[in-house]
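This briefing is meant to be read alongside the sequence and coordinates.

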Amino acid sequence: MTATAEAPVTPPPIRDERMGRKSGLARLLARPEAGAVAGAIVIYVFFFIVAPPFRNASSFSSVLYVTSTYGLMVTPIALLMIGGEFDLSAGVAVTSSALCASLFSYEFTTNAWVGVLVALALSLLIGFLNGWIVVKTGIPSFLVTLGTFFVLQGLNIALTQTITNQVASPDISTLQGFSSARVVFSGSFTIGGVNIRTSVIYWLVFVAIATWILLRTRIGNWIFSAGGSPVSARAVGVPVGRVKIGLFMAVGLMAWFTGMHTLFLFNTIQTSQGVGNEFVYIIAAVVGGCLLTGGYGSAVGAAIGALIFGMVNQGIVYAGWNPDWFQTFVGLLLLGAILLNTFIRRRAEAAA
Amino acid sequence: MTTPQNTPVGKHAAPGARQTSQEGPQAGNGQGGVPLVRLVNAGKRYGAVIALSDITLEVGAGEVTCVLGDNGAGKSTLIKIIAGLHQPSTGTYEVEGTPVAFNSPREALEHGIATVYQDLAVVPLMPVWRNFFLGNEVRKGLGMNIPFMKKTCREELLAMGIDLRDVDQAIGTLSGGERQCVAISRAVHFGAKVLILDEPTAALGVKQSGVVLKYIIQARERGLGVIFITHNPHHAYPVGDRFLLLNRGKSLGYFEKSQITRDELTGLMAGGAELEQLSHELESEGGAAADIGHAMEADVEELGIAHQADAGSDASATTRQEGSSHP
């Protein structure tokens, strides 16, 4: 073993006797997405059996649509959680962005796109401030963004009330640029008689981009290290603070995108919208295999977590159950998924 | 930065043979007598507290200088000075003969001085190859050149004699010794000329410590200077060429290997002078304490460390180096 330094650069492919051969299945189960995939299959089969309308292609299209409205936010939240931080303000930040775009372009009678750009600046600023405060003060992001959550929620309601005397933003469908913005943010197309919203496509594209960033780029390495061991990461020169601020801004960016989608789909935004969604995002990411403590997870897993949520959300409707039970049902299913996830990961780790 | 800067050098005597053949202080010095790192009469004060005073130490290419001391002896302060976290308040710090004043560990790193800390600076959940290249990723277009990085990581570890099962496994699944070795080979790969190892064997079992010691010898064989900080003379003696003993911020002695035996080193580390002093104190207490004191004094004399320890704390480090106290 001591002479290996002089050996030619091609190491001999010796199998180490310490390593038992891992079966393909064990390898598959060791991936962060494994539990979420298993959970998604169980829930799909469940609703396939109990809710006959669930079996139609068009129903599945609407499952995918609901999934995408959550999934657009779950993706950056998953990255943020892998980077070791939380964002509890993400749910209301979506509404803030939509209200900002809507009120700005309506009150100043500008082109709808002007409002869209102002909202983008606001969303990125919110993300930056969240990240900056967390990085500069070292206060847990759970507390910082809890504060931001209340600030934004108050602003959403109070400012809209002050400006419009309403609990919703005015209808902006008559504004110039509205129809083009609707095509961009809230379009749809038909394949084989099934109507599919473009947000589904956007969602899948963003998941693919996030996965590529995480696994194939330097930034991805830095995100994992920032969440896994920030001290160690800093010691080898990773700009941990900048990475975290960037992740909060990515959440801001997607909050803006989701907000624009909602705004241009419905022409108007309710001020109280979005509260509670921040938990959905976090739960979906955790179901998808992201560790609460950071440093581990996957964007694909989080996307499947969002799909589980979308399936339950629509499945209950298709099964004809009283929607009052929805949240309880969701809670139980998610608990089940998490338990399954943990169980499978333990099994896989034991097998490995 | 992307290519290994330290190709294995062609002197692969068996580790054991090398230790016995080590005669003079410059035997392994490839720099023509100019040490890679040299501290002369360096000291550090934090306000009124004198953390370190009058420390002289050097390490050349292909040499191992051990810094021994108990907790609070000033080892951490010494590391921080060499690693660039602090500047010495007094004395000089030279790298390859040029006086330097580092403002950050980055600057020290640029001069080829890399520190592997006790807590290793690895991210446990990340794969070995990602840890290896963390902060120094090899880019290709917008992404990373992953096949190259995996291959390089495997080869570099193999060059250090670490035959890893799978570079894709999380580094947290490796043993403590293996993790130390990955951290060491990473520093070597990214151009380190001098390795500062902060208590690399402290948290390890006997066998794992042996593994790490083997890699210290490997690093020395590859022409690196190693500063090995430890409180264990049994780990230091087999691999070290020079030994600096610290106690309460002062040098207890600075020895070439030829000037000191393992037992003497152990005795000094156990605090011969302090034991003697303690035995006197106990004796003056009278009664049972005095008996223990007498027994202790006898032990100290038997080990033959009392006189040396006194001389060590009186004489300056530089005079010790002249070899006046050769047994």
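In which loop of chain A does A:N165 lie? A:N165 belongs to the loop between α6 (141-164) and α7 (178-186) of chain A; helices (H or I, at least four residues) and strands (E, at least two) are DSSP runs, numbered from the N terminus. The model is predicted: local features need pLDDT of at least 70, side-chain atom pairs count only at pLDDT 80 or more, and totals for chains, interfaces and linings use all residues. Residues are numbered from 1 along each chain as its sequence is written, while chains are lettered from A and ligands numbered from 1 in the order in which they are written.

**Chain A: confidence and composition**
- Over residues 1-18 of chain A, pLDDT stays under 50. Where pLDDT is low, the predicted coordinates should not be read in detail.
- Chain A contains 14 helices and two strands.
- Of the 352 residues in chain A, 47% are buried; a residue is buried if 20 or more other C-beta atoms, placed from the backbone, lie within 10 Å of its own, exposed if 12 or fewer, and partly exposed in between.
- Among contacts (C-beta atoms, placed from the backbone, within 7 Å) in chain A between residues at least 6 apart in sequence, 79% join residues at least 24 apart.

**Positive phi outside glycine**
- A:N165 has a phi near 60°, a positive value in a residue other than glycine. A:N165 is exposed, because 7 other C-beta atoms lie within 10 Å.
- B:E199, also not a glycine, has a positive phi of about 45° and sits in the loop between β9 (194-198) and α7 (206-221) of chain B. B:E199 is buried, because 20 other C-beta atoms lie within 10 Å.

**Sheets of chain B**
- Four strands of chain B form an open antiparallel sheet in the order β2-β1-β4-β5; strands pair if DSSP finds at least two bridges between them. Its edge strands, β2 (49-59) and β5 (98-99), each pair on one side only.
- β4 (residues 90-95) and β5 of chain B are joined in the antiparallel sense by two bridges, with B:P99 as the bridge partner of B:E94.
- Six strands of chain B form an open sheet with mixed pairing, in the order β6-β9-β10-β3-β11-β12. The edges are β6 (113-116) and β12 (250-256).
- β6(B) and β9(B) pair in the parallel sense over four bridges, and B:V116 has B:L197 as its bridge partner in β9(B).

- Beyond its neighbours within four places in sequence, A:I77 is in contact with residues including A:V251, A:Y281 and A:A285.

**A buried loop residue**
- B:I171 lies in the loop between α5 (146-159) and α6 (176-189) of chain B. B:I171 counts as buried because it has 24 C-beta neighbours inside 10 Å.
- B:I171 and B:P127 are 44 residues apart in sequence and 5.4 Å apart in space, C-alpha to C-alpha.

Methods: Two residues are in contact if their C-beta atoms, placed from the backbone, lie within 7 Å. pLDDT is the predictor's confidence in each residue, from 0 to 100.
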